[in-house]
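Work through these exercises with the model in view. Try each task before you read its solution.

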Amino acid sequence: MNIFTILKTEIKNVVQALADNKEITKLPNMDRITAEPPKDVSHGDVATNVAMVCAGQLGLKPREFAELVASKLANLSSVEKVEVAGPGFINLKLSNAFWYAQLKTILEQKENYGASDMGKGEKVNVEFCSANPTGPIHVGHVRGAVFGDALAGLLEKAGYDVTREYYMNDLGAQMSKLAKTTYLRYRQALGEDIGEIPEGYYPGDYLIPVGKYIADKDGNKWLNKPESEWLTYFRDTAGQQMKELIQKDLAKAGIHFDVFASENKIAKSGGIEEALKVLSDEGLVYKGILEKPKSAKAPEDWEPQEMLIFKSTEFGDEADRPLARADGTYTYFMPDIAYQYDKFKRGFKKLIMVLGADHAGYVSRLTSAVKAVTQGQASLEIPLVQMVSFSQNGQPVKMSKRAGTIVLLSDLLEEIDKDVVRFFMMTRKNDSQLDFDLVKVKEQSKDNPVFYVQYAHARAYSVFRKAQEMFGADVLDGLMDADLNLLQDEAEVALIRQLVEFPRQVELAAQVNEPHRIAYYLYDLASGFHALWNKGRDDVQMRFLDENKKDVSMARLALIQAVCFVIASGLSIFGVQPVKEM
C-alpha cells in the first residue's frame with residue numbers, strides 16, 4: 001500500500017470537493033499532481049505541488065490556492081500540521097497515530113508488504129541472459145542474468161504477470177561449429193586420437209561428455225559418415241545438452257526460466273517469413289542499396305549490393321536496416337524481428353529485453369522494428385548492462401581458466417554464496433561500471449552492503465531469541481496486540497517512516513526498470529535499524545528489551561518484526577534469503 005498514492009487521491013478529492021461546492025470556478029486538470037516525501041525532512045512528511053499545477057488553470061495565484069487547499073487538508077484525520085511554503089507548495093506532517101496504523105499494516109501483511117497492484121496483471125515478457133547455446137554460462141553473463149531475474153521479481157512485486165524467457169540462438173554458423181566440434185569429441189570417445197581442436201571450433205572440455213553421450217547411445221553409427229548425414233543430428237543433440245547445462249548452471253544461481261524460445265523452431269515454423277510479410281504489407285520494406293558504412297574505410301571493405309531493407313527511420317531509427325542480402329539469405333536482424341513478433345503473437349505487449357552495453361547500437365533499430373511489426377500495439381524496452389570487472393583486494397583479476405582463476409558462473413558460485421552474488425550485483429545501476437572484489441564481498445563491515453543488510457535481519461532475530469528467554473517462547477505471538485503508542489522516541493517514528501516508504505520505492509523502481517533502487521533502500525533501512533540499536537547501547541531507556549517494561553518491549557519488538565518483514569520482502573525481489581544468524 002503506497003501511502004503517497006493514497007494521499008495524492010485525498011488531495012485530489014479535496015480539489016474535487018472545492019469544485020463541487022463552487023469554491024472554485026471549475027475542476028482543473030490534476031494529472032501532474034504529486035505527493036511525495038520532501039527533500040528536506042524538516043519540511044514534514046509529504047509535499048504536494050497541487051497549487052502549482054491547478055492555480056493557473058483557475059486564474060488564481062498559487063499561494064492563494066494553496067492556502068485554500070491547506071485549510072481543507074488540515075481536516076484530514078491523518079494530518080497533524082499543514083504549512084504553505086515558498087510560491088505555493090504544501091507540506092504535510094502526519095500524525096503518529098497514522099504511522100502506528102501503517103506499522104500495524106506491515107505486521108498484518110508480513111513479507112507481502114510492498115506488493116502493489118500498479119501493473120494490474122499486465123503480461124510482461126522479460127528476456128535476459130540468452131547466451132549462445134554453445135557452452136556453459138561464464139562470468140561475463142552473470143550480471144545480465146542476475147539483473148534480468150531481479151527485474152522480473154521487481155515487476156512481479158509491482159503487480160505484473162511476468163514471464164522469464166531465454167532465447168536460444170540455435171541457428172547459424174555457431175551451431176554448425178558446435179556440431180562439428182561435438183563430432184570430434186564423439187570420435188575421441190570411440191578411441192580416436194583427434195589431436196588439437198581446430199581453430200574456430202569450441203576447445204572447452206564441456207563437449208567431451210556430449211561426445212561420450214552420443215558414442216554410448218549410438219556406438220559407431222556416425223563414424224566415417226558424410227557430414228550431410230550427421231550434422232543436423234549432432235547440432236540438435238549438442239544444442240539440447242548445452243541447454244540443459246545452461247539451465248543447471250543458472251539454477252545454481254537461483255535463476256529459472258519459464259520459457260526457452262528457439263530461433264531454429266521459429267524459423268522452421270515459418271515465423272521469419274510471417275514477420276517479413278507483416279512489414280511488407282505495411283509498406284515498410286523495399287529493395288535498395290544502403291549507403292557505405294562508416295566502418296568501411298578501404299574500397300575493398302564494401303561492395304554495393306541491392307538488398308531487402310526495412311524502413312526503420314520511419315520509427316525513429318537513424319538509418320534504414322537490411323533484412324536480406326542480395327543472395328536472399330537473411331541478415332541477423334530479420335530473425336530477431338521474427339522473435340519479437342513471436343512474443344507479440346503469444347499475447348505480450350510489454351516486452352523487455354536485457355542486453356549487454358556492447359549492444360547499445362542495436363537498441364533503436366529493434367525498438368523501431370517492434371513498433372512496426374506490431375502496428376504500435378507492443379513496446380520494447382532494452383535495459384543495458386555493463387560488464388563486471390573482477391578484482392581481489394583491489395587488484396584486477398583476469399578471468400582466465402589458464403591462469404587458474406574463475407571463468408565460469410559455476411566456478412564463481414563455488415567461491416561466493418549465490419545470495420551474496422545476487423545482492424551485490426544490484427548495488428550499482430545496471431548501466432554503471434561494477435567492481436566485484438572477491439575478497440571484499442565477504443567482509444563483515446558497513447562498507448559491504450550485502451553483509452550490512454543481512455546483519456540487520458540477523459541482529460533483529462538475536463533480539464527475538466533474547467525476548468523469548470525473557471518473556472517466554474510465545475512472546476512474538478502477541479505483537480499484533482502491542483501498544484504502538486509507546487513508540488514515542490523520534491528515532492522510532494523515523495524508522496516507521498522508512499518502512500512505510502518501501503511500497504513507493506517498489507513502484508518507482510518498477511516504473512523505470514531499476515531494481516538497484518531496492519538495494520539502496522534496504523541499505524538505508526538497515527542503517528536506520530543499526531542506528532536505533534546503537535542508541536539503545538548509549539541510552540538504557542532506548543534498549544529494545546526491558547524485563548520491567550514488557551509493554552514497551554512488546555511495542556519495540558513489533559517495530560523490529562516490521563523491519564524483518566520489509567527486509568525479507570525486499571530481498572525476495574532479488575531471490576535472496578534473509579539470514580537469522582551470522
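**Exercise 1. Check the length of helix 4, then find which of its residues are buried and what covers them.**

Step 1. Helices and strands are DSSP runs numbered from the N terminus (helices: H or I, at least four residues; strands: E, at least two). Helix 4 covers residues 96-109, which makes 14 residues. The expected span is 1.5 Å times one less than the number of residues. That gives 20 Å for helix 4, and its end C-alpha atoms are 20 Å apart, so the two agree.

Step 2. Buried means under 20% relative accessible area, exposed means over 50%, and partly exposed lies in between (1.4 Å probe, protein chains only). The buried residues of helix 4 are Phe98, Trp99, Tyr100, Gln102, Leu103, Thr105, Ile106 and Leu107.

Step 3. The cover over these buried residues includes helix 1 (3-20), strand 4 (89-94), helix 16 (490-500) and helix 19 (550-573).

Step 4. Look just past the end of helix 4: lysine 110 has a positive phi of about 55°.

A note on the source: this is a predicted model, so local features need pLDDT of at least 70 and side-chain atom pairs count only at pLDDT 80 or more, while totals for chains, interfaces and linings use all residues. Residues are numbered from 1 along each chain as its sequence is written, and side-chain values use heavy atoms, without hydrogens and water.

**Exercise 2. Do the length check for helix 5, and explain why helix 5 is largely enclosed by the rest of the structure.**

Step 1. Helix 5 runs over residues 142-157 and has 16 residues.

Step 2. Count the buried residues: 15 of the 16. Helix 5 is therefore largely enclosed by the rest of the structure.

Step 3. Glycine 159 follows helix 5, and its phi is positive, near 95°.

**Exercise 3. Describe the salt bridge between aspartate 216 and lysine 212.**

Step 1. Side chains of opposite charge can pair when their charged atoms come close. A salt bridge needs a side-chain nitrogen of Lys or Arg within 4 Å of a carboxyl oxygen of Asp or Glu. Here the N to O distance is 2.8 Å.

Step 2. Both residues lie in helix 7 (residues 208-218), four residues apart, about one turn of the helix.

Step 3. Aspartate 216 is exposed, at 55% relative accessible area. Lysine 212 is partly exposed, at 46%.

**Exercise 4. Which residues does the salt-bridge network link?**

Solution. The network links Asp149, Glu156, Arg164 and Arg422. The salt bridge count comes to 27.

Conventions:
Contact = heavy atoms within 4.5 Å.
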